[in-house]
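The text below is a guided reading of one model. Keep the sequence and the 3D view open while following the paragraphs.

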Amino acid sequence: MTGSQPVVDDGTTAGERDPRVHEKTAGEEQEGIPFIGAGPGDPGLLTVKGRELVEEADLVVHAGSLVNSELLEEFCADAEQVSSIGKDLEELIPLMRDAYEADRTVVRLHSGDPAIYGAALEQMDALEHEGVPTYFVPGVTSAFAASATLRTQLTLNEVANHVAFTRPQGKTLSEDEDHISEFVAMGDVTTCVYLGTHAVRDTMDRLLDDGRDPETPVAVVYHASWPDEDVIEGTVGTIADKVEDAGYRASALVVIGEAVSGSGYERSYLYDGWANRGSDGEDAAEQTEADD
Ligand SMILES: C[S@@+](CC[C@H](N)C(=O)[O-])C[C@H]1O[C@@H](n2cnc3c(N)ncnc32)[C@H](O)[C@@H]1O
């Protein structure tokens, strides 16, 4: 904001709106620090709303190497940019709070969608506790970029009816909390494993020990939507060797299930005339919505 123009009722200067107050829907405004999903990597996959907010920012706190530097260069080269990597809440919260209170426009950029393995809410709650309002702006999570790369659907008629977003056991998750094997056992679930690139062999060994079919398809999508994107395809029985040969230890999504191949599906009713047939209009409408 500039200080030279007269200040109007809402605290903005005449002829200029406060960039920290944003249109949510028609007539509804959101104020505060937006927690924005930067998308999986390709700057073109940042939402229009996310891009507008980033372009207006004075301070961009971002998720380090998980956010493509091209995006930062393209949309906010003039803003102060701070990586959150290696910083704890005690450092991040005062940094964002002080900037906001100094009337600077602050945005927090998380990779993918902030609601998936993003630890956004604890930062938002801490900021709100300090009197700084916050809100979410969703982004494209890496599972969606990976399914686009694989040219498949995560739900696929007669192949996969459900999707699980999960992570393997490790420092954060105990053995009991690791449900990958249960999801795979269900058969019609596409299991998207985040934060598991370094643990592909352990994960596959556990699946084999639990008696899961070694022929179950698995794809490991490294840096989905980035220029150096790579796909390794295999099965529960073969993928670990392939990933180790490729040398990937981070930044990949592990997708397990029959939908990985994009084959074996049945045509949906929607394009078969079913939706418009019969007397039960409610069922037909539900099916139309479901298949859209
Ligand atoms: C801390 S989590 C953040 C997830 C992010 N919030 C999202 O919605 O995609 C980081 C993990 O997301 C996955 N990931 C993030 N970006 C990716 C990409 N472009 N391609 C493949 N996997 C990615 C990897 O599994 C990585 O270990």
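To sort residues by class, Ala, Val, Leu, Ile, Met, Phe, Trp, Tyr, Cys and Pro count as nonpolar, Asp, Glu, Lys and Arg count as charged, and the others, Gly among them, count as polar. By these classes, the shell around the ligand has 14 nonpolar, 11 polar and 1 charged residues. The model is predicted: local features need pLDDT of at least 70, side-chain atom pairs count only at pLDDT 80 or more, and totals for chains, interfaces and linings use all residues. Residues are numbered from 1 along each chain as its sequence is written.

Consider the chain as a whole. It holds 9 helices and 12 strands; these are DSSP runs, helices being H or I with at least four residues and strands E with at least two, numbered from the N terminus. Of the 292 residues in the chain, 35% are buried. A residue is buried if 20 or more other C-beta atoms lie within 10 Å of its own, exposed if 12 or fewer do, and partly exposed in between, with C-beta atoms placed from the backbone. Two residues are in contact if their C-beta atoms, placed from the backbone, lie within 7 Å. Among contacts between residues at least 6 apart in sequence, 65% join residues at least 24 apart.

Axes are lines fitted to C-alpha atoms, for helices over the stretch in contact, and angles run from 0 to 180 degrees between N-to-C directions.

Strands of a sheet pair through backbone hydrogen bonds, either parallel or antiparallel. Two strands count as paired if DSSP finds at least two bridges between them. Strand 4 (residues 59-62) and strand 5 pair in the parallel sense over 4 bridges, and the bridge partner of His-62 in strand 5 is Ser-83. Strand 3 pairs with strand 7 in the parallel sense, over 4 bridges; here Ile-33 has Thr-134 as its bridge partner. Strand 3 also pairs with strand 6 in the parallel sense, over 3 bridges, and Ile-36 stands opposite Leu-109 in strand 6.

Why is strand 3 largely enclosed by the rest of the structure? The reason is that 5 of the 5 residues of strand 3 are buried. In a regular strand the side chains alternate between the two faces of the sheet. In strand 3 both faces are covered: Ile-33, Phe-35 and Gly-37 are buried on one side, and Pro-34 and Ile-36 on the other.

A further open sheet of 5 strands has the order 8-9-12-10-11 and mixed pairing. Its edge strands are strand 8 and strand 11 (230-235), and each pairs on one side only. Neighbouring strands of this sheet are turned by 15 degrees against each other on average, direction ignored. Helix 5 packs on the sheet, touching strand 8, strand 9, strand 10 (217-222), strand 11 and strand 12, and its direction makes about 70 degrees with that of strand 12. Strand 8 and strand 9 (residues 189-193) pair in the parallel sense over 5 bridges, with Val-193 as the bridge partner of Thr-166.

Between strand 8 (162-166) and helix 6 (180-186) runs a loop that contains Asp-178. Asp-178 counts as partly exposed because it has 19 C-beta neighbours inside 10 Å. The C-alpha atoms of Asp-178 and Pro-168, 10 residues apart along the chain, are separated by 5.6 Å. Gln-169 is found in the loop between strand 8 and helix 6 too, and is partly exposed because it has 18 such neighbours inside 10 Å. Leaving aside its neighbours within four places in sequence, Gln-169 is in contact with Ser-174, Glu-175, Glu-177 and Asp-178.

Finally, return to the ligand. The shell draws at least three residues from each of domain 1 (21-139) and domain 2 (143-261), with domain bounds taken from an automatic or database domain assignment. Helix 5 (142-150) and strand 12 (252-256) each supply at least two residues of the shell.
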